[in-house]
Amino acid sequence: MFAGAAALLGVTAGQAQAAEVAYATKCVPPAGVGLPEVNGTTKVEITAPATAKVGDTVDVVWKFTQAASKNPDIIDLPADSVQPSGTLKAAGAQTAAIAMRGPRENPAIPKGGAMVLSDMKGTLKLTAAGQVTLTPDAYVVNAMSTDTRCAPTEPVQPAATITVSAGGGSSSSSPSASPSPSPDPSDSASPSQSTSPSASGSPSSSASETGGSGQTDFTGKVVDVPYTCQSPIGEQKATSPIQIDAKKNGGSYDLTVQFKKSVMNSPIDIPADKVKPRMQVVLGGADTGSVTVEGPTNTEVIKQGTPIEIPDLKGAYKPGATGVSTLSPGVLTIEAMGTTTTCTPDSTSVSLTLDTTEQASGASGGSGSSSSSGGSPSTGGGLAETGAGDHGTLKALGLVAGTAVLLGAAVFTFMPGRIRRR
């Protein structure tokens, strides 16, 4: 099943090496697009130096020779609309999760065509002498503002090995993987971003990686999320811009979710302490599950005809995995006047990307978060998931105006045209 060797033999000192592995992969499309999971084969070629010394920071390149899936037979993907990101695992003399990212560069991909993904790059600081193996792991394909997540379904062989000599620095058993270069600020892809990127944030308002820089505040990207809301009297739709920010607090992160647009108007007076919002922040990349954030109830009477703004929602995220983890807006619930309205994203995008370190009883461990659910694997083997699903993508491109959501006696009118609050 596997192609290529764990490392190439006979490579001279310092010379770059490349080896290919193939591994069974399951790709999960964005929630709400109506497409099944797909099982396929990923073929990857990893290029890294054959030899180096402790203290060196080496460049690593991940080249897709075959993606696990094709573009669904639904829409054509335009040029430069697809961006890959993922995690490369270092093991042996040191362990690390290396954040990898490629530029948003691709030829136009027709419906049903093979996915063409750019080469991903990352760096690894070597901290211990010995053999360090590099093994491809999960990756994310961001296309048209939606993410498809692909992960191995079987053990993967190493694709390259670096022989590290004790020469340049003090040997340490603790790993250090520095994140890969960030994409263009306009990108909306996923994993790891620095203070100039955007995988989940833009350069000045982008999700940033920890990268060992001592950074504690991480600003997410504003993403437009189209919601389908089920109220006590029926289904309604609305789109809201949302931003997820984080502040490092020990090994965990304090989260703040902001709704950037006042999307609700009330035609009646609503008493104080009657509206309570909550949302699930969906984890992806290295981590899985979700984190609950919530806001306070309204402290004052909401007068007829005035906007009903969702206050900042707050919660705590304890990472359950080491690597590049993404945070995306999820299900929103609003309790008002004794009733509950549930708003489910038709599609969603990564707002924030973090380089996380696993904590005891963290998200992947199931404590403090609800684990993400997945459907059964597809047996049809047909459509590949690129993240550009049919219904979800079409819904994401449309703005719904004049939509009313009834919450018991209160009527809220969605107004997408309002100015974003700062």
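**Labels and their grounds**

Modeller: The torsion about the S-S bond of C27 and C150 is about 110 degrees, so this disulfide is right-handed. The model is predicted: local features need pLDDT of at least 70, side-chain atom pairs count only at pLDDT 80 or more, and totals for chains, interfaces and linings use all residues. Residues are numbered from 1 along each chain as its sequence is written, and side-chain values use heavy atoms, with hydrogens and water left out.

Biologist: Why is the link between C27 and C150 called a disulfide?

Modeller: A disulfide is a pair of cysteine sulfur atoms within 2.5 Å. The S to S distance from C27 to C150 is 2.2 Å, so the pair meets that definition. The structure holds one disulfide.

Biologist: What makes C27 and C150 a tie between separate parts?

Modeller: C27 lies in strand β1 (residues 16–28) and C150 in strand β9 (residues 146–152), so the parts they tie together are 123 residues apart in sequence. Strands here are DSSP runs (E, at least two residues), numbered from the N terminus.

Biologist: How do you know whether C27 is buried or exposed?

Modeller: Buried means under 20% relative accessible area, exposed over 50%, partly exposed in between (1.4 Å probe, protein chains only). C27 has 1%, so C27 is buried. C150, at 3%, counts as buried too.

Biologist: Why is N298 called buried?

Modeller: Its relative accessible area is 13%, so N298 falls under the buried cut-off. N298 is in the loop between β18 (290–294) and β19 (307–308).

Technical notes:
Helix = DSSP H or I, 4+ residues; strand = E, 2+ residues; numbered from the N terminus.
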